[in-house]
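Reader: I am new to this structure. Can we go through it in short steps?

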Amino acid sequence: MKKIYLLLPLVCLAMAAHPQKKADRKTLGNLQTHVTYLSSDKLEGRRTGTAGEQLAAVYIAEQMKLAGVSPKGDSEYLQTFIVREGKEPGNKTRLIINHTALPAGQYLPLPFSATKAAKGEVLPGVNEPDNVWLINVKASEDEINPHGEPLDFYVKKTKEAKENGATGIVFFNGHEDFRTVTRWLDGKETPLAIPAVWVGPEASKTLSADDANGFQLEVEVDFKPSKRTGTNVVGFIDNGAATTVVLGAHYDHLGYGEDHNSLAPSEKAIHNGADDNASGTAALIELGRLLKASKLKNNNYLLVAFSGEELGLFGSKYFTEHTAVPMTAVNYMVNMDMVGRLSKEKGLQIGGTGTSPAWGTVLKSTVPPDLKVSYDSSGTGPSDHTSFYRKDVPVLFFFTGTHSDYHKPGDDADKINYEGGLTVVKLVYDIIEKTNAQPKLAFTKTREQQMGTSARFSVTLGIMPDYTWTNGGVKVDGVTDGKPAKKAGILTGDLITQLGDYPVSDIETYMTALGKFKAGDKTTVKVKRGETDKVFDISF
């Protein structure tokens, strides 16, 4: 999910000129072993909920066990959570245009569709009884209620089509993307009487062609229940201490790009994710081994390899709400995400430095003078430390920067700077050692950093969205002091359903709506608080 840093070239470097100690050589070799396995083709990109993710989870758990780290999951080392539960296209679902079947990734049945089949010879712009209807959404924009939910238009047009004798309906040139329509399938829509299908941009080009005389259409909709789960891997070093330090790294990645989060969407290939985030996972495993053998006993250590990060911090959010260690007993959390491409030019980026007044002194005394470091005070961002910051836990975020292979199939193990990974492991260990004799760190709030999105905007409402919420609107997971939402009276737990004239159905529509405003503008925000609708005046 990391989208906020500049690209950098990979430059392998040794951070120290003197011969390595035997212990460092062992750590270095282990880092390479871990990354090589976790980013191998055998694991098929470690997509959340897949067999590859499970292979990675088993490997991480085995490494924790070998290091003497005790299990702390719900089932030994494993903690399972639900990513989504709804329905998905069944095996019979198909859309055929002029005798050519569309690939599954180019269309989706709408959640209210009947589980039926229909076919016909359709003329563009001509909707006849006893035939399949084609609806150009762009050409019907004057019928779309700007204050309503986007799905309402599709329901309305499908009802109209059935009342006028249509046997099926196909929508093209819609404003939604594939991920949004997939989320719609989690809803509890009442089935209508005819099959209804949404098609994406590629099929829309075919159906919009100026030279098209007509289309032979065949559509069939079939649904099956869908329940997608992820698995965190949790280990514990129990020193009998009153406080616990959490060390975390996400181990999931993109698989073949099926969730439409690849930056090489036309290339169906394994996204191995060596840097993102086999590198951080390898560092986590090695820190567990080192801490288990250490004399640093004034804190317990909780090691968590998160899944579901690439889908919106699902694993870390679930963990902070379902952990055997109370959040009030957590001293601080260290997150390592993409720490495998350290370069002399770019250096290391450390976030979260404003989340405790202790961090300035600790970092000043532990960061090597020859290591280039840039700091970010914010406790939030597009990675798992955000979930802990939201629970008032001090955090640090370690990151060596994005690159041209980010979220692409080229993020492979042979491009990792393992010496740089060793540098990060040693620095995190030194920070833990430095805080070992200190009392529990105080927590301080920081500015909020916007999460990644394709929308561009110059204002902020000052809320932290709940990225795991999929039931319509945007659920407020936190409100920043001094920002418009806080001043207006919006609270954590509110569900934003409209911003100005723009309905909000998910995070993307929220960000798109936010992009319509500039500093100094005034508007309203509609929220649902429990069963009550409320409207707040906002000034940006």
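Reader: In which sense do strand S22 and strand S23 pair?

Author: This is a predicted model. Strand S22 covers residues 522-529, and strand S23 covers residues 532-539. Eight bridges join the two. Their pairing is antiparallel.

Reader: Which residue in the hairpin of S22 and S23 takes a positive phi?

Author: Two residues lie between the strands of this hairpin. A positive phi near 70° is found at Gly-530.

Reader: Which element gives the largest share of the lining of the second largest pocket?

Author: The second largest pocket holds about 610 Å³ of space. It has 24 lining residues, and the closest to its centre are Pro-150, His-175, Glu-176, Pro-503 and Thr-509. The elements giving two or more residues to this lining are helix H3 (150-163), strand S21 (502-503) and helix H12 (507-514). The largest share is four residues, and it comes from H12.

Reader: How many residues of that lining are charged?

Author: The lining of the second largest pocket includes nine nonpolar residues and seven polar ones. The charged residues number eight.

Reader: How are H1 and H6 set to each other?

Author: Helix H1 spans residues 22-38, and helix H6 spans residues 274-292. Their axes lie 9 Å apart, at an angle of about 135°. An angle over 145 degrees would count as roughly antiparallel, and 65 to 115 as roughly perpendicular. H1 and H6 are therefore oblique.

Reader: What is the hand of the crossing where H1 passes H6?

Author: The two helices pack with their axes 9 Å apart. The crossing of H1 and H6 is right-handed.

Conventions: Residues are numbered from 1 along each chain as its sequence is written. This is a predicted model: local features need pLDDT of at least 70, side-chain atom pairs count only at pLDDT 80 or more; totals for chains, interfaces and linings use all residues. Side-chain values use heavy atoms; hydrogens and water are left out. Two strands pair if DSSP finds at least two bridges between them. On a 1 Å grid over the protein atoms alone, a cavity is a set of points where a 1.4 Å probe fits but cannot get out, and a pocket is an open set with protein on both sides within 12 Å along at least five of seven lines; lining residues have an atom within 4 Å of a point. Grid points are joined across faces, edges and corners, and a volume is the space filled by probe spheres set on the points. Ala, Val, Leu, Ile, Met, Phe, Trp, Tyr, Cys and Pro count as nonpolar, Asp, Glu, Lys and Arg as charged, and the others, Gly among them, as polar. Axes are lines fitted to C-alpha atoms, for helices over the stretch in contact, and angles run from 0 to 180 degrees between N-to-C directions. Angles under 35 degrees count as roughly parallel, over 145 as roughly antiparallel, 65 to 115 as roughly perpendicular and the rest as oblique. A crossing is left-handed if the near helix is turned anticlockwise from the far one by less than a right angle, and right-handed if clockwise.
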